[in-house]
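Me: I would like to go through the side-chain packing and pairing in this structure. Could we take it topic by topic?

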Amino acid sequence: MTADELKKIIQSGEKIDVEFKQSENDLTKDVYQSVCSFNNRNGGHIVLGVVDKTKEIRGVNFQKVDKILKDFTTSINNANKLNPPMYLTPEVFEIDGKILVYIWVPEGTQLRRLNGRIWDRTHEGDIDITDNAELVYKMYARKQSTYFVNKVYPRLGLEYLDLDVIRRAKQMALSRVDNHPWANMDEKEILRSTGLILTDPDTGKEGITLAAILLFGKDNTIMSVLPQYKTDAIYRVKNLDRYDDREVIITNLIDSYRRLVDFGKKHLNDTFVLDGDQSVSARDKILREIISNILAHRDYSNAYTAQFVIESNRIYTKNSNLPHGHGELKLNQFEPFPKNPPISKVFREIGYADELGSGMRNTNKYTKLYSGGTPIFFEDNIFQIVIPMESVADLQVGPDNVKKVTEKVTEKVTEKVTEKEQEILALLLENANYTMPQLAEKLKISRKTIAVRLKSLKEKNVIERVGSDRKGYWKINK
């Protein structure tokens, strides 16, 4: 920490990981409450000598600094006060002629109590959660030395898993990478290599983990160890009070991913866009990222039902979460944290996900290509992703709804066009980036025929080409 860095912290004001204490002549008890709460949450900065609401730097009495430092280190090393004790080293800075004491509190690996009480940190400050059983349970789950999904079930053998799903996952991995390490492994060796078979530290016995059961378990096995597990897929465009279509998914994560993607493809139009020189499905790219997120990064200790919802103007997902911060995540400031490493590892091997942190970047990139909007990522106990859409759920193009899309198109044009030309317009309204070959493929006609119809539409001043044939787009004139 430097003086300039400390100034920036003070200027940013108090928040979930920053706390100011005036503490001009001595330490107040709320300093230790902040130490305990920061350590029990995500860590944070404590600055002594600053007024909390005004950010005014008043400084610590120079003659009292040594006593304050001694009292602080003595107290946090006293197991009767802070248990387990801590070892922190405060730093002394001079800013604007005033003495400040800076204390960095790291995130702890185990739960700590202050005078027998459990403190947690929120946006509102330090809170005593000792008498709130649910919050204490969540904190214990978060502080486990191992991840919740690493819980071992020594009494459950491979017969509790669906070996066919493991074999399918193996084939998916082999199809992606030549000479994949799984090529010469059997089902048990694959589980062991991905950390899905571990030793129970309490009993010393080996067994499959909760992650293995979630990824490859038979449905009744999953329900027996995690009865609250399910994912709710909802399509809500016309019936806003309930839903137009719904699927409640209670199966292994490999098949859950496939069913959720199929649900999304069923209700969202497929617009191909150029990613560099390649034509890609922006819809499929977005579905891959947001669905892998709600499956791989969910807090499975929480009974909250994960949701994947498609509405007329947005897609959103919600899943329980062990947050490492609170509020909207910004792409240029985001620092990824592993939530369920063994699940994420398998997802990466079979192509359901990429490296940690790539999902947010990819979702942002393909949302802009798909709808022109910017996705929102909100970190809290419930993690949310919102993908803005321009009525995308109501603009599917196919033989059953060309008429519906044509009605939307004809609102934009002033000259009569033929029925065949309307088919082209419907596709261009869906995606203005379609190239001539893509239009021909969509309509199952020759490129020559497409060229003739496009020329006719241009002559009628219904459409015009903006930019090059390769990287431009079609503009529909009103």
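Reply: A residue is called buried here if its relative accessible area is under 20%. Please keep in mind that this is a predicted model.

Me: Understood. Is Tyr257 buried or exposed, and what about Tyr352?

Reply: Tyr257 is buried, and Tyr352 is buried as well.

Me: How many aromatic pairs are there?

Reply: The count is seven aromatic pairs. In one of them, the ring centres of Tyr257 and Tyr352 are 3.6 Å apart and the planes are at 15°, so this pair is stacked. Tyr257 belongs to helix H9 (residues 253-267), while Tyr352 is in the loop between H11 and helix H12 (358-370), so the pair links distant parts of the chain, 95 residues apart.

Me: Which residues form a cluster with those rings?

Reply: Tyr257, Phe347 and Tyr352 make up one aromatic cluster.

Me: And what is the geometry of Phe93 and Tyr102?

Reply: That pair is edge-to-face, because the planes are at 75°, with the ring centres of Phe93 and Tyr102 6.4 Å apart. Phe93 and Tyr102 are both buried.

Me: Which charged residues lie over rings?

Reply: The charged end of Lys81 is placed over the ring of Tyr32, 4.6 Å from its centre. Arg465 lies over the face of Trp474, with 4.8 Å to the ring centre.

Me: Changing topic: how many residues are in the largest nonpolar core?

Reply: The largest nonpolar core has 66 residues. Those with the most contacts inside this core are Leu214, Phe216, Tyr300, Phe308, Ile343 and Phe347. Helix H10 (residues 282-296) contributes the most to the core, with eight residues.

Me: What lies apart from it?

Reply: Another core, of 22 residues, lies apart from the largest one and includes Val31, Tyr32, Met86 and Leu114. In soluble globular proteins, nonpolar side chains tend to be buried together.

Me: Where is Ser344, and what is it in contact with?

Reply: Ser344 is in helix H11 (residues 341-350). Its relative accessible area is 10%, so Ser344 is buried. Apart from neighbours within four places in sequence, Ser344 is in contact with Ala296 and His297.

Me: On to charges. How many salt bridges are found in the whole structure?

Reply: There are 30 salt bridges in the whole structure. One of them joins the side chains of Glu379 and Lys339, at 3.8 Å from N to O. Glu379 lies in strand E19 (residues 376-379) and Lys339 in the loop between strand E18 (327-328) and H11, so this pair ties together parts that are 40 residues apart in sequence.

Me: Are those two buried or exposed?

Reply: Glu379 is buried, at 7% relative accessible area. Lys339 also counts as buried, at 16% relative accessibility.

Me: What does Asp245 form a salt bridge with?

Reply: Asp245 forms a salt bridge with Lys266, and the closest N and O atoms are 2.9 Å apart. Because Asp245 is in strand E13 (residues 245-249) and Lys266 in helix H9, the pair ties together parts that are 21 residues apart in sequence. Asp245 counts as buried, at 17% relative accessibility.

Me: What about Arg167 and Asp164?

Reply: Their side chains meet in a salt bridge of 2.7 Å, N to O. Arg167 and Asp164 are three residues apart in helix H5 (residues 163-176), which means they are separated by about one helical turn. Arg167 is partly exposed at 38% relative accessibility, and Asp164 is partly exposed at 48%.

How values were computed:
Residues numbered from 1 in each chain as written. Predicted model: local features only at pLDDT ≥ 70, side-chain atom pairs only at ≥ 80, totals over all residues. Heavy atoms only, no water. Helix = DSSP H or I, 4+ residues; strand = E, 2+ residues; numbered from the N terminus. Buried < 20%, exposed > 50% of the residue type's maximum accessible area, 1.4 Å probe, protein only. Contact = heavy atoms within 4.5 Å. Phe/Tyr/Trp six-rings, centres within 6.5 Å; stacked < 30°, edge-to-face > 60°. Lys NZ or Arg CZ within 6 Å of the ring centre and 35° of its normal. Core = buried A, V, L, I, M, F, W, Y, C linked by side-chain atoms within 4.5 Å. Salt bridge = Lys/Arg side-chain N within 4 Å of Asp/Glu carboxyl O.
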